[in-house]
Amino acid sequence: MKNRIRIIIETLVVGLLVFVLTATNMFSALDYMAKDALYQRPRGIDGNIKIIGIDEETLATLGPIQTWSRQVYADVLFRLNEDEESKPAVVGFDIQFSGELDESDKDFVKSAKESGNVVIVDHLIYGTTFEEGVGPVTKVQSVEEPYDKLLEVCDVGFSNVAQDSDGVVRRIKPTEMYNSEEQKMFSRVLYEKYCEIKGLTPKDIPVDRYGQSIINYSGEPGDYEYISMMDLLDGKIDSRTFKDSIVLVGAYAPGMQDSFSTPNGGSEQMYGIEIHANILQSYLQGRFSINGNPVLLGLVSAAIAMLLFLAFKKMRPWISILAVVAVSAGFIYALVRIHESGYSYSLIYLPLVLLVGFVYNLALEYIIEKRRKNKVLNAFRKYVAPQIVEEISKKGDFQIKVGGENRDIAVLFVDIRGFTTMSELLEPEQVVEILNEYLTLTTQSIFNNSGTLDKFVGDATMAVFNSPFDLEDYEFKAVCAAMDIVNGGKALEKTLLEKYGRTVGFGVGVNVGPAVVGNIGCEFRMDFTAIGDTVNTAARLEANAKKGQVLISDVLYERLKDRIEVNEIGEIPLKGKSKGVFVYEVTEVHK
């Protein structure tokens, strides 16, 4: 029940997290990067849009632009309109013509009037005012316009482009209001002029509640056909190049400070005239987008995230990561297609939360598994030597299951001689204290020799060697453990005699041979032990051992006879066996 409640809470947190992130666009800078990479892919530029650039060659020849006579622009129009049959459809100047300079102003006005297809720019000046009940509001405070005579013969649109918080130009405001009059953007006026000349009906573009549209860039910096203004003025360019095209004239040199960061430009900036070319192409192709409803996307994303998070609980890790990749890829692909239809949505939050959810589940599973293994290891520590537990921990390949296996093992039984008589004469607390001291000695001796503590039966102890894991030289280690118990018991006897005036000792039996070892029992109650004739013989040897005596079978003696000193006891009958067993008493081991 607790586990189910935890999963429900985790799932709700995942859903809430992805919804809040999507609805608020909390990591907008990261989201911008994803949108720029996937939404602003090059689509191919329109060859009918051409740029005449005021480049470094032009500036080197004519000098700084602020020193130019407007006869230069009149000459540009003359070159473009030399052949009436091959003249451009529209000519747009992204240059601020503020105030009159000299007589050349009239020549430029005359050329623009004769051309009949010229669009120029003005510049909006913004300011912030405070409106009651609304707060600070940014509005157009004034308009910096071209000189009057030029306005009479040309169409005009504002050249301002808006930058997002990271300084990148991603969106436009096609129109602004000033003194209750609508001000149109330069690219919008160009588009309408082109439609007028070509007999087309201009189409509106979608805008969001702030009156903004997202630019879908067609080209990267430098993609549009560019011609140096100086080459045009020198007559190096055939005027037929511009037939029926839209020609944009503007800054194309770094020193003119008319370049901006764009979504598809990377570290390279794009000139303002190129940005207007991209916007104009979007008008011609009807490819603008607006931000979609983030709450709707948040709800959809939350539902997907919660379903997949629940699925993680039942999936294997490699399937989970494949699911994260597949769902994230499908989600992003769907949003890219939706963007192409005119709606822009945040890309990153569902994949991000799915990844976090996967990592969380993986970490949680690891912690749970680690706790489970530690629980098993802690259980093993009560039965197995610490070095064996350490080895189990490193390998991590143990399992607990019902069943057993045939193994050749050494089995040790040890019992306290005289304990029953003594326990009748002492207080219960004293009996328990003495028993604990003796059991501590036997357990430590078994563990020091890498044995496995099988069980305690009253005042008796059973241990096995070479189980549950392979143990090198297990026969000898079993005998060493037996001798450690007997020798340790002698020192303990003195303490016991001084403290209680009573003494006891150990009798030990050790045997070696095949046995069935494993978890004996059922799923809800198991006992890891060894069974078989080898075990029974070891128990009978212990029963025949006197105080301070270690008895071993002839089978064990044959394996260790060069490493131990013994006294022959001879063949003795053992309870439950039809034949007697030849028995030896171990007196010394050669470690």
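The side chains of E493 and K547 are joined by a polar contact of 3.4 Å. E493 lies in helix α16, which covers residues 474-500. Leaving out residues up to four places away in sequence, E493 touches Y438, T503, V504, G505 and K547.

The model is predicted. The mean pLDDT of the protein chain is 88, and 93% of the residues score at least 70. Among the elements of the chain, strand β11 (residues 246-251) has the highest mean pLDDT, 97, while helix α13 (residues 386-395) has the lowest, 57.

**Two helix pairs**

Two packed helices are described by the angle between their axes and the distance between the axes. The table gives these values for two pairs.

| Helix pair | Residues | Angle | Axis distance |
|---|---|---|---|
| α4 and α5 | 71-80 and 104-115 | about 25° | 8 Å |
| α7 and α9 | 186-198 and 272-285 | about 45° | 9 Å |

With an angle of about 45° between them, α7 is oblique to α9. The crossing of α7 past α9 is right-handed. On the α7 side, the residues in contact are F186, S187, R188, L190, Y191 and Y194; on the α9 side they are H276, I279, L280, Y283 and L284. By class, the residues of this contact of α7 with α9 are eight nonpolar, two polar and one charged.

For the other pair, the angle of about 25° falls under the 35 degrees that count as roughly parallel, and α4 and α5 are therefore roughly parallel to each other. The crossing of α4 past α5 is left-handed. From α4, the residues Q71, Y73, A74 and L77 meet S104, D107, F108, S111, A112 and S115 of α5. The contact of α4 with α5 has five nonpolar residues, four polar and one charged.

**Backbone exceptions**

Most residues other than glycine have a negative phi, and most peptide bonds are trans.

S180 is not a glycine, yet its phi is positive, at about 65°.

The peptide bond between S467 and P468 is cis, with an omega of about 5°.

Conventions
Residues numbered from 1 in each chain as written. Predicted model: local features only at pLDDT ≥ 70, side-chain atom pairs only at ≥ 80, totals over all residues. Heavy atoms only, no water. Axes fitted to C-alpha atoms, helices over the stretch in contact; angles between N-to-C directions. Helix = DSSP H or I, 4+ residues; strand = E, 2+ residues; numbered from the N terminus. Parallel < 35°, antiparallel > 145°, perpendicular 65-115°, else oblique. Left-handed = near helix turned anticlockwise from the far one by under 90°. Contact = heavy atoms within 4.5 Å. Nonpolar A, V, L, I, M, F, W, Y, C, P; charged D, E, K, R; others polar. pLDDT = per-residue confidence, 0-100. Polar contact = N/O pair within 3.5 Å; in protein donor to acceptor, adjacent residues only side chain to side chain.
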